[in-house]
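Subject: Handing over the structure

Hello,

Here is the structure I promised to pass on to you. Please open it first, and then read my notes below alongside it.

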Amino acid sequence: MAAFGLARNSCGLINGLRVSYRSLVQVKYGAKSACLLQTNIQSDCRWYSVSHLSVKERIEKKRKAAQMGGGQKRIDAQHQRGKLTARERVELLLDPESFVETDMFVEHRCSDFGMEQDANKFPGDSVVTGRGRINGRLVYVFSQDFTVFGGSLSGAHAQKICKIMDQALTVGAPVIGLNDSGGARIQEGVESLAGYADIFLVHPSDLPHHGSLCILTHLMLCLQDTSYLFITGPDVVKSVTNEDVTQEELGGAKTHTAVSGVAHRAFENDVEALLYLRDFFNFLPLSNQDPAPIRECQDPSDRLVKSLDTVVPFESTKAYDMLDIIHAVLDEGDFFEIMPTYAKNIVVGFARMNGRTVGIVGNQPKVASGCLDINSSVKGARFVRFCDAFNIPIITFVDVPGFLPGTAQEYGGIIRHGAKLLFAFAEATVPKITIITRKAYGGAYDVMSSKHLRGDMNYAWPTAEVAVMGAKGAVQIIFRGKENQAEAEAEYVEKFANPFPAAVRGFVDDIIEPATTRKRICRDLEVLASKKQVNPWKKHANIPL
Amino acid sequence: VFHVSTSAHLTYISTFDKILIANRGEIACRVIKTCKKMGIQTVAVHSDVDSNAVHVKMADEAVCVGPAPTSKSYLNMDAIMDAIRLTGAQAVHPGYGFLSENKDFAKRLAAVGVTFIGPDTHAIQAMGDKIESKLIAKAAKVNTIPGFDGVVKTAEDAVKIAQQIGYPVMIKASAGGGGKGMRIAWNDEETREGFRFSSQEAASSFGDDRLLIEKYIDNPRHIEIQVLADKHGNVLWLNERECSIQRRNQKVVEEAPSMFLDADTRRVMGEQAVQLAKAVKYSSAGTVEFLVDSKKNFYFLEMNTRLQVEHPVTECITGLDLVEQMIRIAKGYQLQQKQEDIPINGWAIESRVYAEDPFKSFGLPSIGRLSQYQEPLKLSHVRVDSGIEEGSDINIYYDPMISKLVTYGATRAEALARMEDALDNYVIRGVTHNIPLLREIITHPRFVSGDISTNFLPEVYPEGFKGHHLDEDRCRELLASAAALHVTSQLYSHKILGTQRVSSAPMDQNNWELCVELGQELHDIEISKSGNSYIVKVDGGQVEVCGDWNLASPLLPLTINGTCRMLQCLSKESSGNIVLQYMGTLFKVRVLSKLTAKLNSYMPEKVSEDTSSILRSPMPGTVVAMSVKPGDTVADGQEICVIEAMKMQNSLTAVKQAKVKSVHCQPGETVGEGDLLVELE
């Protein structure tokens with residue numbers, strides 16, 4: 001029940017994911033062979049019961065054994081695969097000497113297939129759990145130990161994880177999971193599935209698979225070349241659909257960061273992922289009850305960013321890089337981009353403004369003209385809700401020519417997916433600041449945190465064009481059949497391809513010099529820090545899923 | 001639009017009301033500055049991509065003269081003539097390049113009664129022709145390269161001619177262009193041999209027996225004399241500029257005066273330059289270029305009938321504003337100065353800062369957007385002539401020059417020290433630039449001692465430019481700075497303000513054990529902090545690093561072991577990778593805690609792509625020709641495609657024999673640096 005509460009309260013739960021080996025491997029690293037145990041089983045009583053070691057010595061011995069996980073050989077094998085052990089990962093993630101371990105003495109309770117043998121008992125079982133600090137800030141962490149039964153999930157394993165999750169909830173601290181597991185422990189049968197059920201209590205879901213566990217976490221990071229994640233593996237795929245696919249193609253890091261959008265970011269290796277995770281952790285509040293953290297800032301909040309005055313090209317059809325604007329405005333140009341290789345026509349990520357964490361959403365004119373399509377809408381919506389859930393103000397940079405037209409999009413349900421982004425922005429009660437850098441056309445303008453969706457401060461650059469559509473299309477409709485289209489187009493441009501129509505109606509609060517953008521945002525965030533807005537009561541909102 | 005009030009400029013005599021500047025970039029800005037000073041209205045012309053350029057913003061009026069390619073805009077005489085008519089400009093300053101030495105343009109201006117701020121057409125024409133200019137120079141008793149051009153009958157005749165000229169001599173077939181089939185002879189024997197080869201070649205290859213035997217100038221210097229002439233026959237020489245440091249015949253570093261010239265040589269060169277100017281009735285500013293050999297013999301090369309790129313160094317040491325002088329002269333005023341009024345005040349050095357990669361044949365063009373740009377103008381005795389600003393685009397259409405950085409001082413050493421500082425303080429982000437090379441040149445012992453020639457770069461860097469080589473001490477300093485920066489940023493990560501539900505643990509560490517990776521080497525480091533300074537133990541030495549550690553600033557001023565050093569931090573990633581600019585060169589280091597470094601050793605090495613079967617564009621540009629298609633077999637060294645960038649055609653060749661797997665670009669397509677062009681099997 002407590003664990004369930006955790007999900008309801010949405011404590012910060014980041015899941016560094018590493019799912020490399022499936023059941024196949026698990027057998028290889030599983031229990032020692034059954035025939036061997038037949039002969040041993042009689043003579044092999046619990047050795048400590050007859051040993052003359054004192055309790056103190058036995059504690060020491062257990063602690064030492066726990067440190068070694070599945071033993072030196074398997075640690076070496078893990079290293080050879082270019083992976084770190086569970087403990088090394090924890091050590092790297094947390095501040096030096098800050099880790100406080102729990103449940104080091106927990107062992108699995110399985111007695112089938114020779115699992116009850118001492119040689120098959122590992123203190124701590126296949127997961128390391130505890131708490132520690134990242135840059136001084138409290139965090140609970142579990143790290144699955146691949147050297148013990150391939151990191152497979154046993155009843156005890158699940159219990160350990162649930163325990164720290166419960167604790168995290170009571171103190172209001174986040175949980176980081178470092179996953180490296182083959183899945184459920186086959187030897188345990190139903191108990192391991194019960195373990196799944198325990199964890200699924202945290203992330204209510206009907207799908208009895210490890211992959212679905214991860215997707216329910218707030219953020220998922222994975223590793224290039226060694227992370228795999230899927231509901232069913234290539235062998236099953238082959239037997240069911242007769243489709244030939246490799247592990248990497250089906251569920252590798254590239255697939256999930258560029259095609260499926262399941263993972264939020266991929267890293268080259270363990271070390272890099274953990275180092276980035278440490279820095280990323282600093283952007284987030286410890287729980288949804290804390291405000292967005294503020295770090296000391298050396299970058300002047302009133303810094304004028306001259307380069308922004310010329311960033312938008314002269315011709316309105318020419319692309320530019322929205323990241324140029326984003327990097328120039330932020331504190332120290334420090335931008336942690338989320339899903340940088342998925343739906344690249346929208347850019348989302350975390351940054352700081354005058355030290356305060358903000359979420360950035362921006363259309364990317366460089367990719368597909370920055371239009372909104374199904375994938376970019378969903379990517380944006382998920383991010384906006386993340387920010388709103390954790391009290392992180394949202395800064396939106398708008399240059400959107402509209403929704404992507406076509407049957408592929410319509411049949412795919414662009415209306416309902418686009419509505420997700422609209423819903424997310426509309427529902428968000430965190431401070432929302434919007435800057436229209438160039439195009440803000442039609443419905444897509446509305447969606448992008450417009451004044452109509454309760455935007456707190458909406459600015460337009462002098463290059464902004466807030467209109468229903470581009471001049472050419474508009475003229476073709478308004479003046480259908482009229483001779484002088486060019487003249488009509490010029491008139492339309494004069495009237496609508498500028499920020500005035502929106503400004504005279506108060507849909508943008510001000511037209512600002514691009515160079516002053518940083519100064520404006522920082523000043524507004526200061527004021528909006530005390531913003532309080534409550535949505536009408538409902539059991540839960542009904543986002544168009 | 002900036003309006004200059006005329007009352008503030010009473011000291012300037014009236015010249016023109018409005019001048020059009022038929023140029024772009026730094027030189028357009030440079031001319032506009034002087035015009036403003038003189039109270040003259042200015043008109044800028046620009047191409048469409050330049051509509052946001054600095055020179056356009058600076059000018060009182062601006063006219064778009066066409067699309068980006070220079071032939072359609074800055075060289076488009078019709079459009080520029082229209083702009084003149086439209087704005088009513090009374091005179092045109094052509095800057096350098098573009099239409100500056102185009103006699104047709106000068107004629108067209110004359111035809112509509114608009115003054116061309118430069119010499120008369122006949123001078124442009126006379127000096128524009130290489131052969132004619134040499135004949136005129138010879139007639140004006142200017143030293144020209146002694147030589148013989150005609151039929152040489154026997155080897156002994158050749159020896160006789162060579163002896164008359166004086167060794168070494170260069171022998172080649174007259175018909176052969178450029179340096180083709182050129183032989184150098186240092187004595188009679190070599191002359192005979194050279195005669196044999198060249199006469200055979202002349203007969204067989206060209207069907208033309210004539211041979212050219214000319215004085216060969218070994219390790220020449222390129223020294224030029226600035227002249228200033230009015231329309232009344234008065235001509236002054238404004239001393240010399242030393243321009244020997246060149247790459248691909250383009251000047252990189254210039255200075256005035258030259259360390260090499262003594263007062264007598266300078267005077268003789270100056271007087272000869274004046275004779276030449278008088279011979280062609282020259283008016284305005286002009287430059288007479290000479291080659292100078294190691295014995296201070298000098299020979300006329302050519303005359304440039306325009307304002308030179310490197311004119312600022314002359315302005316620095318003479319105190320004259322050459323653009324102002326040109327405008328006055330064009331209006332018909334007499335020179336105010338006499339030859340004895342022309343001083344050499346101190347020393348000035350100019351570095352041409354280019355957007356180019358100096359690691360590729362001393363500079364291949366690079367493009368990009370100047371995401372951050374800060375000129376070192378806070379330093380004294382620094383002049384920066386530039387036509388760009390933060391946010392400007394360096395594109396493939398025009399010269400990739402970012403600026404001309406000029407420093408001056410009472411002595412050469414002073415000017416050089418200031419140049420070093422200025423280069424270290426120059427912040428350029430978003431494009432690759434040649435500051436690493438510039439800084440190496442101006443601190444190189446040979447340059448400092450004045451031992452230079454036009455072969456300086458290939459002689460000093462026979463293997464190509466590789467960046468600054470760190471000696472042991474500098475290496476320790478770099479490692480220590482990187483480690484200190486890393487610790488500073490770690491401490492900074494702990495500085496979360498305000499109260500949270502769960503309180504933070506303070507960082508109470510004062511000592512750290514780190515491991516810094518530089519190149520392939522790992523260095524163990526112990527670092528301890530007290531206040532703003534760090535004591536770093538590295539490689540058996542100890543370094544003290546102090547600073548104010550502002551991580552938001554691109555400049556990182558540090559005091560390392562008591563010496564002030566300006567470093568720049570270009571990037572700092574969570575992964576521990578830091579890019580620092582130190583001694584002008586970029587160094588990539590990775591700072592990890594000792595534990596992280598140990599664990600990092602288990603990580604698999606990233607497999608780098610096989611570059612022999614992949615052809616990537618070495619620079620941004622346009623694909624001019626694609627010589628292969630998928631399925632073709634190419635031989636080692638065979639041309640695959642040609643990329644044109646900034647008017648330079650670069651042929652890209654295969655490095656092995658292979659079959660072409662795929663072609664990823666087409667002629668006419670624009671490609672970026674590192675773009676995949678062709679894949680081989």
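Is B:Y534 buried or exposed? At 1% relative accessibility, B:Y534 counts as buried. Before going further, please keep in mind that this is a predicted model.

**Aromatic rings**

The count of aromatic pairs over all chains comes to 20. One of them to look up is in chain A, where A:F283 and A:F336 form a tilted pair, with 6.5 Å from centre to centre and 50 degrees between the planes. This pair links distant parts of the chain, since its two members are 53 residues apart. A:F283 sits in the loop between helix 14 (270-281) and strand 8 (294-295) of chain A, while A:F336 belongs to strand 9 (residues 336-338) of chain A. Both A:F283 and A:F336 are buried. They also belong to one aromatic cluster, formed by A:F280, A:F283, A:F336, A:F350, A:F383, A:F386 and A:F390.

B:Y534 is in strand 27 (residues 533-538) of chain B, and B:W549 is in the loop between strand 28 (541-547) and strand 29 (555-560) of chain B. The two are 15 residues apart, and this pair also links distant parts of the chain.

In chain A, the charged end of A:K83 sits over the ring of A:F146, 4.4 Å from its centre. In chain B, B:R247 lies over the face of B:Y354, at 5.1 Å from the ring centre.

**Strand 15 of chain B**

B:Y354 leads on to strand 15 (residues 347-354) of chain B. Eight of the eight residues in this strand are buried, so the strand is largely enclosed by the rest of the structure. B:W347, B:I349, B:S351 and B:V353 point one way, whereas B:A348, B:E350, B:R352 and B:Y354 point the other way.

Which strands pair with strand 15 of chain B? Strand 12 (residues 250-256) of chain B pairs with it in the antiparallel sense over four bridges, and B:A256 has B:A348 as its bridge partner. Strand 22 (residues 401-409) of chain B also runs antiparallel to strand 15, joined to it by eight bridges. There, the bridge partner of B:E350 is B:V406.

**An arginine in strand 30**

B:R565 lies in strand 30 (residues 563-572) of chain B. Its side chain makes a polar contact with the side chain of B:E477, at 3.3 Å. Leaving aside neighbours within four places in sequence, B:R565 is in contact with residues including B:R474, B:L556, B:P557 and B:Y582.

**Cysteines**

How many disulfides are there over all chains? A search of the whole structure finds zero. For B:C316, the closest cysteine sulfur is that of B:C243, and the 14 Å between the two sulfurs is too far for a bond. B:C569 is in no disulfide either, as the nearest cysteine sulfur, in A:C297, is 16 Å away. B:C316 is buried, with a relative accessible area of 19%, and B:C569 is buried at 17%.

Enjoy exploring it!

Best wishes

Methods: Residues are numbered from 1 along each chain as its sequence is written. Chains are lettered from A and ligands numbered from 1 in the order in which they are written. This is a predicted model: local features need pLDDT of at least 70, side-chain atom pairs count only at pLDDT 80 or more; totals for chains, interfaces and linings use all residues. Side-chain values use heavy atoms; hydrogens and water are left out. A disulfide is a pair of cysteine sulfur atoms within 2.5 Å. Buried means under 20% relative accessible area, exposed over 50%, partly exposed in between (1.4 Å probe, protein chains only). Two strands pair if DSSP finds at least two bridges between them. A polar contact is a pair of N or O atoms within 3.5 Å; within protein, one must be able to donate a hydrogen and the other to accept it, and residues adjacent in sequence count only if both atoms are side-chain atoms. Contact means heavy atoms within 4.5 Å. Rings of Phe, Tyr and Trp (its six-membered ring) pair if their centres lie within 6.5 Å; planes under 30 degrees apart count as stacked, over 60 as edge-to-face and the rest as tilted. A charge sits over a ring if NZ of Lys or CZ of Arg is within 6 Å of the ring centre and within 35 degrees of the ring normal.
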